[in-house]
Every structure is written in C-alpha cells, then in structure tokens.
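Here's a quick briefing to read alongside the model.

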Amino acid sequence: MSLYDHLLKHPLAANILMFLMLLAGVWGFNQLQSQLFPNFEFARVNIQVELEGASAERVRNQLLLPIESQLSNLSQVASFQSVAQPGRAQILVNLADGINPQQGRQLLQEELQDLNFPAGTSELSFSSPAFNEDVARLLLYGQVELEELAALALQAQQQLLAAGLTEVQLSGMPRSELVIEVDANQLLALGMSLDDLARRIQTQFRSQGAGRIQANADATQLVLDAPDWSAASLRQMVLQQTEQGILRLGDVARIQESLVSGQSVLEYQGMPAVGLRVRRSADQDSLENAERLMQWQSEFVASLPDSLSLRVYGETWRIVQAQLQLVLSNGIGGMLLVILVLFLFLRSRTALWVAAGLPVAFLGTLAAMGVLNISLNTISLFGFIIALGIIVDDAIVVAEDATQLKEQGMPGDQAARTAAKRMFPAVLASSLTTIAAFMPLVLIGGQFGSFIIDIPLVVTLAILASLIECFVILPGHLAHSKVTAPGRLRLAFDAGFQRFQQRAFLPLIQQAMRQPFLVLSLLAVISMLTLGLVQSGRVAFVPQPNLEGQTLNAQLAFHADADPEVVRQTARGLAAKAEAINQQLGGEFIINILLQYNDPISPTQASLSLELTSDTDRPLTNAELIAQLQQDFVAPDDLRSFTFGRNFRGPGGSGDLGIELWGADIRTLKQASERLQAFLQDMDELEAVSDNLPWGDLAWQLQLTPEAVRLGVSAEQIASQLSALSSSLQLAEIDHPLGELPVRLRLPEHERNHISALGQLPIQLGGQSLPLASLAEGQLERSLDRISARNGRVAIVVSATDNSGQLSALYPWLEDNILAELAADYGIQYRFTGEAEALQEFFSSTRVAIGVAMLMIVLILAWVFASWIWTAVVLITLPFGLIGAVLGHWLMGLPLSTVSILGFIGLSGIVVNNAIVLVSVYRRQLKEGHDSQQAIINASLSRLRPVLLTTLTTMLGLTPLMLETSLDAALLQPMAVGIVFGLGFATLLILIVLPVLMSLVNRSKLVWHRGWLSITKGQLG
C-alpha cells in the first residue's frame, strides 16, 4: 500500500493537515503588510555630477562624454540616458537582466572612479530610484515669518521620524547661506584669483587634529581648535601684513548671512507654507503608518499657536483602505455566489465540504505569502478573486465523481479514494495548465510587469494550496460523509437538470455531430465578426485604462530669462481661476490648492497642485476641469509651455506622444524640433506640445584675442576660471538651526550677472592677474538649457498629449505628412517614443510570456494524453475564449488594453481545463468498451454538470468586480471582463464544438485506417 493510500485511510490525517494549514494561514496573515500597490525595485542607477557655473554644452563635453564612453563598453549596462544642464549632469543607467541595483552601483563606482574631470567637479554620486508609496502630505501655513514656519516644520519632521515614520521630506523650506563677496578690483589688487582666496580661507579655517585615543576596539579622534566659521570670525581673518598694517578679510569683502535667492516658495490660501511629505518604506504597512500619523497630528495641532494651521491632504492611505475594502467586498460577494451555486448543483453535504475548502486554500495561500513577503495590495487581492472560482474547480470534479460512485453502491471511503486517484491526472493537468498560463506573466518586463507580478504569484500559490486540500483533506471528509436522502428541492432541481440534459443538450450534441461542417462554419463566422469589431475600431485599443487620480498638477514653464515676478503673478492668476471654478461648483469640488514657484532647480517654472474630491462623485472630470482652466487663459510672452500632469493611478496612463530626433548637431536638431512643434500645435488632437531642449539664458560666446594666443592661454583655462567667477565656490557647511549652512565665496551680483562688468573679471595666469577683456572677446548668443542623449547619442524628444484616444492611428499619418520630409530637409533620423516605446517593450516581453505559456501547456497536455492529436484538439479550444473576451469588452463598452491582454493569457489556462477533463473521460469510456460515438456522448453528458458548475463558480467569483461602478476598479475590470465572458463563451463552445472535433478525429482515424488496410491488402494480394 502506498504512502498516499495510508494518508487517505488515516482517520485524522485530513483534520490534522487542515488545522495546520489554518494555523499557518493565521500566522501568514499577521506577517502581511497593507499597501496600495506592490513594491517596485527598478534595475537602474542614477549618476549625478556637478560643475558649478559650467554651461550645458560644457557639461556635455567635459563630464558626460567620458562617462558615456566608459558605459558603452560595459555588458552589464543595457542602456543609458543622460541630461546636461547648466552646472550639473545626470545619467540614468538601465542595468542588464540579472543585475540588481546594489550590484549595479558597486560596478559603476569601480568603473568610473579613475575618470579625469575639470577642476571644481564634484564627486560622482550613485543612487537607485525606489518606489516609496506616499502615506499623506501635510502643509504648515500661516501669516508668520517663514523662518518660524521652517523651525516648526523641522520639529514636526523630527517628531514624525521618532514616531516610527521612516521618510518625511520637507519642501518650501527657507535656506540660508553665509556669503563672502569680494569684487574683481579687490582681487586684482591682491593679485589673487577667486580660487586662490578660497584656498587661503579653507587653509586657515581647517580643523587641526590632535591624535587619537584608543580604547579597546574603539578610536576617538581629537580635534584641537575647531574652526569658527561665524561671520565675525571670518571678518577677522588676516590676509596680508603690509606697511600700513594688517589687511583682514573684512576689509576687502562683505560677509553676511542671507536667504538663498531663487529658492522654492509654497503658498496656500495666499499665505506662506512649508510642506511635509510622509512616505512609507518598502517594509512598512501604509495603514499602520496612517495610525501613527493621526496620533501625532492630534497632539501637534493642539500645540500650534493660533496664527498657524496644519492641513493634511493627498492621503494615499485612504485610497489604500478604500481599494482594499473594494476588492475584499467584491471577493466576499463572489464567494457567496460561488457557495450558492455549489449548494444549488451539489448535495448539501458535498457542497459543504467543497465550500469548506475555500478558506482552507486561502489560508494556505496566506501562509505562503507570509513566507515569500507578498503584501496585501490591490493587485494581490485581485489574484485572490481570480483564484476564487478556480480553486473550487478541482474539489468539484473530485466531489462529483465520488458522489456518482457512492450512488452506484460503492462504500464512501472507497468512493472518495477512487475518485481522488482516478481524477488526479486530469485535475493535476488542468491545474498545471492554469499555472502555466499565469506564471509566464512574471516575464513581462518594465514598470507594468513589476506592477502586476503579484497576480500570477497569488494565483499559483492558491492553486497549489487547493491541490493539497482537494487530494488530501477533501477525500478524508468525503469518506466520512453519509449519503442522505435528497430533499424535495434537490429532487426537483435534479429532475429539471436531467430533463435539460436529455431533452435539450443531448439532441443538440447529436445534431452537431451529424453536421460538423455547419458547426465549424458558424464558428468561423463568429470569429470573423469578432475580428471585425477590433479592426473597425468598434472595440478600440488603449495601452492602459485611464484612472483619474484625486490630484491634478498644472505646470507653467517660462523662458530662462523670464521675469520672476511674471512667473509669480501668472501662477497666482491660475490659482485664482481654479478657486473661482470651485466656488461656481459649490466650493467642495477642489478641496486643496497649492502653489509652488522659484524652485532652485527650475527657477522659471511654477506649479499648481489641485486636490479633488472622490473620483466617483465629482461635478467635472479631470479633462473637463483642465478645459475650464485653459479657457480664456492669456499666456504671457515669456511662457514656454502650459501643461497638466495626468495623475493616473496605477503604472501610468495612455495618450502620450513622443518623437525622438537625432543624427545632426544640436542646433540643427533644435531647428527641426521647432518646426515639428509648430506642425503639431496646429492639430486639434494634440496639446501641451514641447521638447526637452529648452533655450537657456543669453550667453557670452568667447574667442581668444591675439594676446591670449601669444601667452599660450587655452579657451579651457579661461572657461574654467570664468565659471568659478560667474557662480560661487562653496568653502564649508556648518551646523544651523534650519539645517546645514553653506559658506560661499563669490563676486558681487552686479559683476557676476552683468555683461558690462564681464571684461573686468580677473583671470589668473602664471602668478599674474589679467582682465578678461585682454584675453577674450565675444558676442551674445542664446545658450541651450538642457542637452539630452540616449546611449551617447545626442537627441531631442518632442512630446505632446493626445486627446483623441486613437494615438496608434496617428503614427503612420505623422510619418507620411511631416516626419519623412523633416528627416530629408535636416538630415536627421527619428523614432516614436512615449506610448509607442512603452507598447513596444510590453508586446516584446508579452510575446515571450505567451510563447512560454503555450509551450508549457503543450508539454503538459502531451504528457497527460501521450498523443499529439488529442493535444492539438484541446489547444483548438483556446481561441474560443479570446472570441468571448473580445465580445465581452464590446458588450461592456470597454476598450481592449494591456490589462486585457494579460487577462487573455490567464484565460488560456482556464479554458483548456474543461476540455482536458472532457477528453480524459472520453478516453476512459473507450477503455471501458464503448464505441467512439457513444463514448463522446457519454463523456459530454457525464461532464455537463461539473463543467457548468466549475465555469459558473469561476465566472461568479469575478462578476461583482466586473459589475463594479467605482473608478477604483477600472484598472482591474478589463481582466475580469475578459475572463468572465471568455470562459462563459468558451464553455458553450467546448460543450458543443469539442464533441464535433472529437468525432471528426475519430472519423479521420477510421478513414486513414481503412485506407491503410486497403493498401496493405492490395500489396499482399
């Protein structure tokens, strides 16, 4: 007797295993954290380097080119994008498959550490972007001095961190600096360059070491005379000893602490504000963080003076809570429908034990999720809903077979064991094909692949748990379940189903088998009509469902030399217009208006952030609100672009056009970009047209004088010193109540930023200082504010937002009407990026996933049937599901999307399950001695009830979510619609068309066999 037989016969084995799974599930549930979406880990490394005062073109030539040359030789680097801006460079490196961010950072640090950069270049910094989900955002505001706000914001930050919140970012904080200003004439008189003076100050104020004290394994560094970087101490620094006396730094320089110019400013309701952004780390629970935040908030607000207020907005944790409740409520509704169908189709005791397997399988899945650290999020819970109907299918097949054996007179324990053993191959095969369909989804790359990875993992874990429940726990319960006399309702239902089976289904099958080509012709017509729905656009395709968020961001980008007052007044005017729209709608539509401008990185940009009411109950959509904000908007001459962030939930939204241009010098590319933008701006379908190469300030383009050539001066020498003179040199950072206080040395503002003073700037050459005018002359030209490159190739990306919803149809039209001509006129090349590039990446990895899924399904079927013919017959049923899925999208008014395609892949594994069981029963009928036609009919009749039951349970498990009207469910609905309609339609076709195909296979075998016999007899005769 086998171990499995012992396990099935043991009187307590089933209950012990069930208890252990339940206990493990409770443990696993306590290990899980709640969050909105799964954690992301981007296989990328971000490299940053700075050269203060350098133009974007100089940054490109002297910083980026050496780095890009090194990156191009690394096999561990898949691709990289670089951006040069005035004073700094950034490179985003995409790592090759199999290289994690930590390995990538270490590798790049080693490979780039020996590169030579110009003097004054900062050290390379390496970081990896991480997906840290927001918990909430806070605003501290009031009619007080900004310094008072900042001090309280720092206090709030420290309290939140002490309360267990791991990441609290501040914005709108005033930043001070200690500035040493010395004019060019003073430097010439001293015979020093700005660099010389910087080194002199740093040397005098350097910390003096006094050795170490060693105590066991610890060492303490002693510092003697720690430097005093105060303004008073700096003024007393001795520069020179002259006949007239001691020359101190304060005699030639102005030294004072002041606010940093051009710093970011936040305004809320016309008052200054400081923002706090609370985010959770990857290992934290959003709802637990929310509890800590609310507890802190109640204590902090009570301590605020009357002049200050705290505003909490952007509460992502509430979305987490709402979406989890949404999926759970739909899951519970689906479970109740599944249980109702079980009790309708099965005997009450059998239905009870099958239904009892649901919590057992789910808790077993939770235990595995706890071990694998899979969180409770919208996506993983959707995986549970998909699995809800699937996991009872196995139990239904075994329980139905055991019940039939009992009714034939077999003892209960023997019937349970026999049913489990003889249905094991077919059930295992159907489970493996479902896993084979879902698991390759983990191969889908990019951000979207990371986003949906929990679905295949959870479905696979649930199916594995259901197999344990079905073949070990369920037989033990069925063995001790007594056969009771059915009640009147049961007898009435069984009699009604029997009449349907004999009077409707049986004649239909017999007629279909007599006219197989008519059936196949009708199927072909349905297939063609379905294909026509897609090709005609009646069922459109969009990359991803558009999920409107509760925030809307307006971005105002001005030319580099725009007046800051114009930037500020334009942004305030837009905020006033948003408030007016809100008041017209009753004052409860826009619940938060936050204005931000003077960002240090982008000083000529302003942003307006609007927080809106619930997605499901609002008087305007995001698009309608945008239209009203843009209506009658008078753009100032300095405004370069006026765009709105899409703010879709999920991995992104559709509708973004990107066209990359390359193959010429940067200024030719800019000319081509401006011509392309002018063309796109005239198209009604597009808005927010811009490129990623804005013009910068007017720059002084220098040429060496004959005197400079005679002295052997290079342009790089002058450019290096001029960069330092026109910006500032940071000497140190010291502690300050509002954070680190930088100490900077620079020329006065009128000398740094005014062309009239440019010629007098001192250039240090071999111990002597000469004015710039004697060494170089030049002219004003518009500089480039940003230079982008991909894999070392300088390029410009022209982008726009599409409003038509048919962006894929726009690509060939653009190629024919503008891009081909543009490429010929400017000698450039182009390609589509944005949505097109994302789709290409998605379909590339999806093709791999589909190929792997199909290969695994074929191998599983071939192993089970040991026949290529029957494998092919079952595979033919796959398109049945796709037809139903497309028709379902059409009936529900949904476009096809990438989410729909993922549903099609998973559907393929579910659809073949019923076909596997039907073919298996047919082959068993043949072995029992029935002729082929009767075996087909017997198999179809005997599997009608379980096929309908397993299909209904899977469909009903997803039905509540499919019918959900909340926009929170819009991301998941396409997959639910595809599975429900696809499985329902495929089941009808399988019950009718599969017997026809089986009959044709038998006829072809018979014809081939007779032909072979006649040939053989002719040869023998």
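Before the strands come up: two strands pair if DSSP finds at least two bridges between them. Keep in mind that this is a predicted model. The protein chain averages a pLDDT of 80, and 85% of the residues score at least 70.

- Strand β10 covers residues 238–242 and strand β11 covers residues 245–248; the two run antiparallel and share four bridges.
- With at least two bridges asked for, β10 and β11 count as paired because they have four.
- Which residue of β11 is the bridge partner of V238? That would be R248.

**The nonpolar cores**

- The largest nonpolar core is made of 149 residues, and L342, M369, F382 and I386 have the most contacts inside it.
- Helix α13, residues 378–407, supplies the largest share of that core, with 18 residues.
- Another core lies apart from it and has 50 residues, including V49, F80, L95 and L810.
- Leaving out residues up to four places away in sequence, F382 touches V327, I455, L958, L961, L972, M975 and A976.

**A closer look at V327**

- V327 belongs to helix α11, which spans residues 316–345.
- Is V327 buried or exposed? V327 has a relative accessible area of 2%, so it counts as buried, the cut-off being under 20%.
- Skipping residues up to four places away in sequence, V327 touches T378, L381, F382 and I385.
- V327 and F384 sit 57 residues apart along the chain, yet 9.3 Å separates their C-alpha atoms.

**Rings and charges**

- How many aromatic pairs does the structure hold? There are nine.
- F493, F497 and F500 form a cluster linked by ring pairs.
- Over at W662, R793 lies over the ring face, 3.8 Å from the centre.

- Q269 isn't a glycine, but its phi is positive, near 55°.
- You'll find Q269 in the loop between β13 (265–268) and β14 (271–279).
- Q269 has a relative accessible area of 55%, so it is exposed, given a cut-off of over 50%.
- A866 is another non-glycine with a positive phi, this one about 50°.
- The loop between α26 (835–865) and α27 (868–875) is where A866 lies.
- A866 is exposed too, because its relative accessible area is 68%.

Note on methods:
Residues numbered from 1 in each chain as written. Predicted model: local features only at pLDDT ≥ 70, side-chain atom pairs only at ≥ 80, totals over all residues. Heavy atoms only, no water. Phe/Tyr/Trp six-rings, centres within 6.5 Å; stacked < 30°, edge-to-face > 60°. Lys NZ or Arg CZ within 6 Å of the ring centre and 35° of its normal. Core = buried A, V, L, I, M, F, W, Y, C linked by side-chain atoms within 4.5 Å. Buried < 20%, exposed > 50% of the residue type's maximum accessible area, 1.4 Å probe, protein only. Contact = heavy atoms within 4.5 Å. pLDDT = per-residue confidence, 0-100.
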